[in-house]
Amino acid sequence: MANGPRSPHDRTLRRGLLMWALGSSVYLVAIFHRTSLGVASGLAGRRFRIGPAELSMFTVQQLVAAAALQLPAGVLVDRFGPRKTLTVALLVMAVGQAAFASTHSFPLGLAARTLLGLGDAATFVGVLRLTTSWCPERRIALLVQLTSVLGMAGNLISTVPLRMTLERLGWTPAFLGAALLTTAMAGVVVGVVRDRPHVAARTPNRPAPPSASRDRTEPPRDEPPASARRTPTWLREMRADISAVRRVRGTRLGFWMCFTGAFSFMAFSLLWGFPFLTRGQGLSAAAAGRLLMLLVVVNMTIGPVFGQIAATRPGSRVRVNVTTSAIVAALWACVLVWPGPAPLPLLILLVTALGMCGPSSMLGADVARTSNPGDRAATAAAMANTGGHAGTLAAVALVGAALNVAEALGFTDRTTYTVAFAVQWTLFPIGVRILLRHTGKLRTSDGQETQPTRA
Ligand SMILES: N[C@@H](Cc1c[nH]cn1)C(=O)NCC(=O)O
């Protein structure tokens, strides 16, 4: 009977889902902050008295901060637990958004966006660690994709609802309100989130005992040499954790899956998609906005599908990731060689395929997670996610540099954008080639992809 007494297992599962939901809400808040400049860029230009180049610096600065802190954030999550790290991340984002709400100075604005990026860095890996600690293994891949779906909801809130709030309340109250809500969320996390079931049963910073699934190549932790003993213990242990995770081949494979899966989609959705569609392809602002909305909707729809595939057929994660990237690369090639503006159905196909890239790159984080022991889940996922950040920064920089050169040479808008996006296209063959090399290493003698397990 559904109403009968619940078993301890059911109770743990329910609490696990509550923890996941709370963690994912933190991620939603982070994605809201990450994307909140989109509809506010016109207002920001007037408020800070800056042009498009400085405006894009806000986004790039935020990305660089998130990328730089990604790996340390993963290690901190594994060491101090998701509750503390998610709380600090929320408070850092709240301070960043409050500063962004109050200042008119461009350098201070940049500092505020840096804080937003730093806080953001800990959220995805924090939720991932919370999920792996609380939920059964067979549900994790799907829940991680659903986390991303909720993140996209944060992206949606930062579009029309944020624009309406900005119009009604104005810049400072709207962003201060967002900062206040973020602080309130930190209170909820402190009050409700617990790092794992039965806290008392485990040691505080090392939740799981060394497990049989740890990489066999990992050397024993000998006494460090005298020179190394001058380094603080926490720093030595942090370095040891990072290098242990890096040595696992599945982590490196996950890195390149994230790199290849994320770069084009992220550069398009965060910065260059809108000008490409309007100035490069001649669409109206409204039509370009609808295509960017389609990108988010596809991302949210495909996430659960890829999550289910990862949960039931983990051996196909690499294939799904590579196939998605190949489709996107082929569609980009069609759009870029099309004589004149590409037809709308082709652009719709391209944007739909780009929307699949978010869930596809998440598969890389999942491969890294399952290739490492559970007490390094966040570090492993962070290392893989760094691949996505590195690819995104490379694509953003390549497109930006190519735009500058093409504009200086006096090309038309369409040619300028075609050249710039052709340059970012070159990252596909590079990423896929390295990725496939790592896949080759992951195959066993009978040709099957190995299935690394986690603690
Ligand atoms: N789907 C990935 C794409 C990405 C972005 N940066 C690095 N990879 C993703 O959303 N990861 C989670 C995140 O919030 O970074």
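## Aromatic pairs

Start with the rings: the count comes to 19 aromatic pairs, where rings of Phe, Tyr and Trp (its six-membered ring) pair if their centres lie within 6.5 Å. One of them joins Y27 and F124, whose ring centres sit 5.8 Å apart with planes at 50°, so this pair is tilted; planes under 30 degrees apart would count as stacked and over 60 as edge-to-face. Y27 belongs to helix α1 and F124 to helix α5 (residues 106-134), so the pair ties together parts that are 97 residues apart in sequence. Helices here are DSSP runs (H or I, at least four residues), numbered from the N terminus.

A quick word on what you're looking at: this is a predicted model, where local features need pLDDT of at least 70 and side-chain atom pairs count only at pLDDT 80 or more, while totals for chains, interfaces and linings use all residues. Residues are numbered from 1 along each chain as its sequence is written, and side-chain values use heavy atoms, with hydrogens and water left out.

## Around the ligand

Y27 and F124 turn up again in the shell around the ligand, along with R34, A262, M266, G358, S361, M362, N385, G388 and H389; each has a heavy atom within 4 Å of the ligand. By class, that shell has five nonpolar, five polar and one charged residues, with Gly counted as polar and Tyr as nonpolar. Helices α1 (8-35), α11 (249-280), α15 (357-370) and α16 (377-408) each supply at least two of the shell residues.

Now for the polar contacts (pairs of N or O atoms within 3.5 Å). A polar side-chain atom of Y27 is 2.5 Å from a ligand oxygen, and an N or O atom in the R34 side chain is 2.6 Å from an oxygen atom of the ligand. The side chain of H389 has an N or O atom 3.4 Å from a ligand nitrogen. On its own the ligand exposes 350 Å², and the protein buries 96% of that (Shrake-Rupley method, 1.4 Å probe).

Key:
Polar contact = N/O pair within 3.5 Å; in protein donor to acceptor, adjacent residues only side chain to side chain.
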